[in-house]
Amino acid sequence: MASELELHIADYVVLVVLLLTSAAIGVYHGVFANRQRTSGEFFLANRSMHAFPVSVSFAVSVISAITFLGITSLSYFNGMAYLPTILARIIGGIFTATVICPVFYNLKEASIYEYLERRFNRIVRYIAVIEHLILTLLILGVVVYAPALALNAVTGLSLFGSILAVGMVSTFYSTIGGIKAVVWNDLFQSILMLIGFLIVITVACIRSGGLGEVWARLMEGQRTTVVDFRIDPRISLSFWTTVVGGLFSMLIYAGTNQNQAQRYLTCKDLRSAKWAVFWGFTWIGVFEVISVLAGVTIYAHYHSCDPLSDGKISKPDQILPFFVLDVFGRFPGLPGLLLSSVLSASLSTISTAINGMTTITGEDVVKKIWTNIPEGRFIAIMKFVSVWYGFLFMLMAFVASVTGGLIIKLVQALAGSITGPVFGVFLLGILVPRGNSKGALLGMFIGTFLGVWLLIGSILYPTSSTPLPLSTESCTADIVNATVQSITMTGVHALADTTTVSLAPLTTDAETPPAAITMFYSISFLYFGVLSSVATFLTGLAVGFIFPSERKIESELLSPVLLSVYDNLPESWQRKMAVKKEDNTNNQENGLTDANDTKL
């Protein structure tokens, strides 16, 4: 039984106002505030940004619409077990701000992949560049398509219309306004997202009878577990999976990813950049906690008449848009305001990707081929490239609409398997002075092989699961069996992105112990990135010590945390670390020995 809820004309007006406002911000920064005449303005805002707007932009660029819908759906069906990820986000923010951010910021380059060439060689750099371009293109097509599909199924909002609207508007303001337009649009869109979530949580809580009744219904539905300390890696939402796996997945996706790193590279100084990183990771955790609260309060509202079991929706990810229209449909314009939060998440993610990929194309490709290109011509080419990437994202979204769930599952899992080794190589370069190009290349090969092997194994040997109960006892009389029912979480799992955990149920059916290799394939895919990045790092570490290079590594290519340890080592140990130590005055000028570099 399909949902018959529809948007009012006032809701469409609100959605159009959102799109026009986003476009207007791009026009302001591209035409009135500045003209984006130089690559420094277009890519890095002339390093003039303050920490707060950058931190919000950093967070919103990670919180895609899939995450927006997916975590809410995850929490509706699995309760509060996702909450410990806030700890992973805070730890990740501290690590990235103190260990990674100073290295990239002090390079004074728009592309972080310049680091890989200076630290290792050009081959390592372009392997990472090609991987980033291809996977971002594939993933962002899915990021546009998946939420558009969910909105279309519940509200009737045109699938192709929403894809075109989001794609064209985000392409427009990214191209005309550069990184500044993207950052300020992210701030505006984050406000809409926050307002939408708070309204949903408040109203769902009130309609359920207050906080006490919400908690009672969650307890009845077995959804109050926050921490599960079982060590079994097959449990998708255990404390260890959400914290350890969640930490690595976020470091992989945000710590050494051009799209996110470019945010803090726009800050006016290193201290601002480090605060932007720390608070950016923290805001990600805050948004995710709010998403969890939205999911569990919506569950409390529907605790005795689950819309999925009742046939009102066809997939788990449709629960949020269904709730919005079901509860707020009588107030024209309000559903449009709340659903604009979903479109805002899509806009921010797409504009971030367009800006990041354009930067990589310009700095890693165009300037390497045409070394003396005039600045004006370079900016013109970059704006054309920006438009081109925008249309490619829309094309990939249409491809995803044709191929359906298969491409979604494959792309999301493949991204987690392949991006881990790139993070491992960055970590090798930043933390291990003896790391060399041979170790980096071999490590990337082994890490990628391990990740793809795990991916194929998980597809060939899928795990069974035991979902939490859902009730239809108070639904209308057309339900044949008004009893507690169960559902499988395949639909939710298919819409998980690389920034979230597997949306599989809390437990794994282990009554019949499987073979050891099958158990290995059954681990949560959050651990795929952990294993592939650690394998890359350890391989590079071993090769660096077995086959040491004679090259001394410039101190500016190493983490200031490592350098502070290095300074306190005995002189005999320092000689073995292959660090080309600059004089102290030089390092202070570059911000490498400043006391603030190892602190937030």
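Predicted model: local features only at pLDDT ≥ 70, side-chain atom pairs only at ≥ 80, totals over all residues.

Biologist: How is the packing of two helices described?

Modeller: Two packed helices are described by the angle between their axes and by the distance between those axes. Here the axes of helix α3 (residues 51–62) and helix α8 (residues 159–207) come within 8 Å and cross at roughly 70°. Because angles of 65 to 115 degrees count as roughly perpendicular, α3 is roughly perpendicular to α8. The crossing of α3 and α8 is left-handed.

Biologist: Which residues in α3 and α8 meet?

Modeller: From α3 come Phe52, Pro53, Val54, Val56, Ser57 and Val60, and these meet Val182, Val183, Trp184, Asp186, Leu187, Ser190 and Met193 in α8. By class, the contact of α3 with α8 comprises 10 nonpolar residues, two polar and one charged.

Biologist: At what angle do α9 and α12 pack?

Modeller: Helix α9 (residues 211–220) packs against helix α12 (residues 270–301) at an angle of about 85°, their axes being 9 Å apart, and α9 and α12 are therefore roughly perpendicular to each other. Val214, Arg217 and Leu218 of α9 make the contact with Val296, Thr297, Tyr299, Ala300 and His301 of α12. Five nonpolar residues, two polar and one charged form the contact of α9 with α12.

Biologist: How does one find where empty space is left?

Modeller: One rolls a probe the size of a water molecule over the atoms. In this model the second largest pocket holds about 160 Å³ of space. The pocket is lined by 15 residues, of which Gly435, Asn436, Ser437, Ser549 and Arg551 are the closest to its centre. The lining of the second largest pocket divides into six nonpolar, five polar and four charged residues.

Key. Residues numbered from 1 in each chain as written. Heavy atoms only, no water. Axes fitted to C-alpha atoms, helices over the stretch in contact; angles between N-to-C directions. Helix = DSSP H or I, 4+ residues; strand = E, 2+ residues; numbered from the N terminus. Parallel < 35°, antiparallel > 145°, perpendicular 65-115°, else oblique. Left-handed = near helix turned anticlockwise from the far one by under 90°. Contact = heavy atoms within 4.5 Å. Nonpolar A, V, L, I, M, F, W, Y, C, P; charged D, E, K, R; others polar. 1 Å grid on protein atoms, 1.4 Å probe; cavity = no way out; pocket = protein on both sides within 12 Å on 5 of 7 lines; lining within 4 Å. Points joined across faces, edges and corners; volume = space filled by probe spheres on them.
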